[in-house]
Structures are given as structure tokens and as C-alpha cells.
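User: I'd like to learn how to read a model of this kind. Could you walk me through it?

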Protein chains: 2
Amino acid sequence: MEIRLEGLPPLQELDPDGRELLFKGGRTVYAFDGRPVPEETLASIWELARWGPTSANSQPLRVVFVSSTEGRERLADTVNRGNRRKVLSAGATALLATDDRFHEHMPTVMPLRPDYREIWEEDVETRSEIGRLSAALQAGYLILAVRAHGLAAGPFSGFDPDEVTAAFMPDTGWRAFMGINIGYPALEAALPRFPRMDVDDVVRWA
Amino acid sequence: MEIRLEGLPPLQELDPDGRELLFKGGRTVYAFDGRPVPEETLASIWELARWGPTSANSQPLRVVFVSSTEGRERLADTVNRGNRRKVLSAGATALLATDDRFHEHMPTVMPLRPDYREIWEEDVETRSEIGRLSAALQAGYLILAVRAHGLAAGPFSGFDPDEVTAAFMPDTGWRAFMGINIGYPALEAALPRFPRMDVDDVVRWA
């Protein structure tokens with residue numbers, strides 16, 4: 001395969017509205033107004049998030065969008081008590097999972113290194129590390145992609161991964177690690193903004 | 001502490017330019033033009049990324065921005081061979097780490113649950129899981145925040161974590177897991193766009 005480096009379009013800055021929407025003004029929402037979120041919108045959220053970078057373009061994240069009434073009731077019975085009402089009031093919930101067999105796609109997604117399929121078939125520890133890190137990176141992109149669609153996101157991890165995996169993704173090799181409630185916020189939907197770490201606590205220079 | 005739920009401002013959609021900049025048009029850059037990135041810009045990238053959500057607002061990510069000539073040369077000698085030239089040509093490199101002692105900040109960052117400090121002092125396994133997941137979410141926000149500043153990002157994990165941790169964050173309790181080269185792309189800077197997984201391979205409905 002011939003490799004050509006590509007020129008890139010000139011870069012711009014994200015405008016203040018975009019910064020507010022995705023980062024500064026974004027809030028984790030705990031109560032939604034129950035309005036459904038159409039499957040086309042959920043698919044569009046995925047289509048936007050999937051462009052974010054992952055290790056060797058491995059893209060180990062998998063998603064079960066729970067949007068039917070039956071599905072949301074079943075999920076509400078599975079998550080921790082504190083998350084039940086949130087799940088029931090959301091328009092949909094994205095269950096995020098890592099595919100333990102993501103390396104089988106490497107010849108397609110990373111044509112420069114089709115050999116990663118065999119390497120990671122053997123090296124389960126590296127595969128598991130890459131899967132965990134890159135799936136979580138993709139979860140971050142997905143949260144911001146929800147906001148980019150004018151919807152509120154309520155990420156949560158208060159559930160038993162074994163139980164959710166067995167109930168919503170049996171026979172897939174996927175494993176659930178997080179959920180994101182998606183929808184339109186109820187009138188009083190968020191807790192007060194809690195403080196963020198100061199740059200001096202978090203950043204060093206070298 | 002009195003808890004009041006807050007009303008939220010009306011949500012909007014991210015405009016097409018913003019979607020292109022952060023997601024669809026964003027490219028991992030492998031060669032930079034060497035122009036430095038000022039410390040104010042690096043701090044501003046952090047200030048934007050820090051608003052993204054984490055488990056219980058735990059914010060376990062820590063960052064060492066390597067931007068001095070001496071620091072970049074030292075880093076280039078530490079990373080895997082394939083990443084040396086990238087590090088040397090970048091304006092700066094952000095080394096991302098997880099702080100194993102992040103729970104000490106819980107009374108400040110999550111005033112509703114100051115007891116998480118003691119709970120996670122004991123429960124090292126849960127602490128480690130939360131640290132790993134939330135630090136990786138924050139890494140995703142940071143990559144997009146770099147792009148939001150009109151700069152290119154080149155995330156990489158090709159280095160020995162023990163070595164980078166010892167060289168750049170000794171005596172901190174932090175542990176490096178990923179780097180992001182930051183700067184202005186060279187004229188021919190990116191590999192061809194590799195394919196993303198189709199929605200039917202990745203998404204299920206329930």
C-alpha cells in the first residue's frame with residue numbers, strides 16, 4: 001500500500017458559542033423532560049463522535065442505544081437505585097462498551113499495520129490496555145457530540161457491569177463500562193456547578 | 001450544605017464549522033513546523049478542557065507540558081523511536097498522567113460527598129478504576145480543546161510509562177499514560193484518513 005502524507009486545511013479557533021456549548025457551559029443533567037430522542041439523532045451523534053482519534057485507529061468503543069419504552073424500563077431495573085429516575089426520564093440512554101475482539105478489525109481500520117490483528121490476538125494485556133484507554137477517549141468524544149446536537153448528557157457508571165452486559169449485549173464479546181443519559185433537561189435539572197481543579201494543582205512545566 | 005438544582009440555559013447545536021474543526025476535519029498530525037506554543041496557550045487549553053464531566057467530578061488527570069528546548073530533547077530521548085521526530089518538531093508535548101491520590105481532593109471538588117476521600121483511600125481497586133476511566137475521558141476533552149485553539153494534536157502512547165513517569169513527574173504519585181504533541185502542522189503532516197467503523201458494526205438498539 002502506497003502511503004502519501006496529506007496536506008491539511010488551515011486550522012481555525014472554535015468560536016465562543018461553541019466553547020460555551022461543549023465545554024464551559026456544559027452541565028451533567030440529572031433530570032430530563034421525557035421527550036424521546038429519535039434514532040436518527042442518536043445515529044448522528046455516533047457519526048460525529050466516531051471521527052475522534054484512537055490508538056492505531058482501533059476504535060474499540062461499542063454502543064447500545066436504549067430508547068424503547070421496554071428497554072428503558074428494563075435498564076432502570078438494572079442500574080443502581082440513584083440512577084433509576086434519571087434513566088426513566090431520559091429520551092434515550094447510550095450504554096458504552098469495549099469490544100474485546102476489536103483487533104479483528106485492524107486490517108480494515110489500520111491498513112498500514114494489518115499485523116496488529118495477530119499481535120493483539122496473542123498479547124491480551126496490551127490489547128486490554130489499548131481497548132480500555134481508547135474506548136474511554138471515545139466516550140469523551142461521545143459526550144461532547146451529544147452536546148453538539150443540542151442535547152444534554154448525563155454520564156453515569158453506577159451499575160453492575162456484568163449485569164448490564166448480560167442484559168443488553170449478550171453474545172457480543174462487548175463489556176459495558178459506562179452509560180450516558182441523553183435528552184432534553186427538565187426545568188431544574190442540574191446540581192450547582194462544582195469547582196474544577198486549578199491549573200497550579202494539575203499542571204507542571206518542563 | 002444546601003443543594004439547589006439549577007435551571008439550564010437553552011441548548012443549541014454546534015454549527016458546521018465547529019463540527020468540522022473538532023470532529024470531522026480533525027486529523028492526527030505526525031509532523032509539525034517547529035513553531036513554539038506559548039505557555040499561556042497551553043494553560044488556556046487546560047482551562048477549556050477542565051470543564052468536561054468526570055466520575056463524581058473527581059478530575060484525576062494531571063498534565064506536564066513539555067515546551068522548553070531542553071525538555072523536548074529529553075522527552076525525545078525517552079519515547080519510542082517512531083515518536084522522536086514528532087516530539088522534536090512539535091511546539092510542545094502534553095504528558096498526561098493519572099494522580100493516584102486524586103481522592104484527597106474530593107471534599108473540595110465534590111462537597112456533597114466528602115466521604116469519598118476516606119472510602120477511596122481504602123478501596124484501592126475502585127479508586128484505580130475511576131482514576132483510569134475519568135483521566136481517559138479528560139484526555140479526550142483535552143485533544144478536542146487543542147483543536148478548539150486552532151492547533152493540531154498528535155496523541156501517542158508509544159513510550160515506557162515507568163521511564164516517562166520517572167523522568168518528568170518524579171515524587172508526584174502521578175503516572176503517565178499518554179502524550180499529545182501540540183503545534184502547527186508541517187506542510188505534509190498527516191497520513192491519509194483511515195476508515196471509521198460503520199454504525200452497523202458498532203451500534204445496537206434496545
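User: What rotation and shift superpose chain B on chain A?

Analyst: First, this is a predicted model, where local features need pLDDT of at least 70, side-chain atom pairs count only at pLDDT 80 or more, and totals for chains, interfaces and linings use all residues. Residues are numbered from 1 along each chain as its sequence is written, chains are lettered from A and ligands numbered from 1 in written order, and side-chain values use heavy atoms, leaving out hydrogens and water. Copies are superposed by least squares on C-alpha atoms of residues with pLDDT of at least 70 in both. Here a rotation of 180° with 0.0 Å of shift along its axis does it, at RMSD 0.0 Å. That is the relation of a two-fold axis.

User: In which order do the five strands of the open sheet lie?

Analyst: Strands are DSSP runs (E, at least two residues), numbered from the N terminus; two of them pair if DSSP finds at least two bridges between them. The order is β3(A)-β4(A)-β2(A)-β1(A)-β5(B), with mixed pairing. β3(A) and β5(B) are the edges, each with a single partner strand, so one side of each lacks a neighbour in the sheet.

User: Which strand of chain A pairs with β1(B), and in what sense?

Analyst: β5(A), residues 203-205, pairs with β1(B) in the parallel sense over three bridges. Phe65(B) is the bridge partner of Trp205(A). β1(B) also runs antiparallel to β2(B), joined by six bridges, with Leu61(B) opposite Thr98(B).

User: Why is β1(B) largely enclosed by the rest of the structure?

Analyst: Buried means under 20% relative accessible area (1.4 Å probe, protein chains only), exposed over 50%, and partly exposed in between. Six of the six residues of β1(B) are buried, so the strand is largely enclosed. Leu61(B), Val63(B) and Phe65(B) cover one side, and Arg62(B), Val64(B) and Val66(B) the other.

Technical notes
Helices (H or I, at least four residues) and strands (E, at least two) are DSSP runs, numbered from the N terminus.
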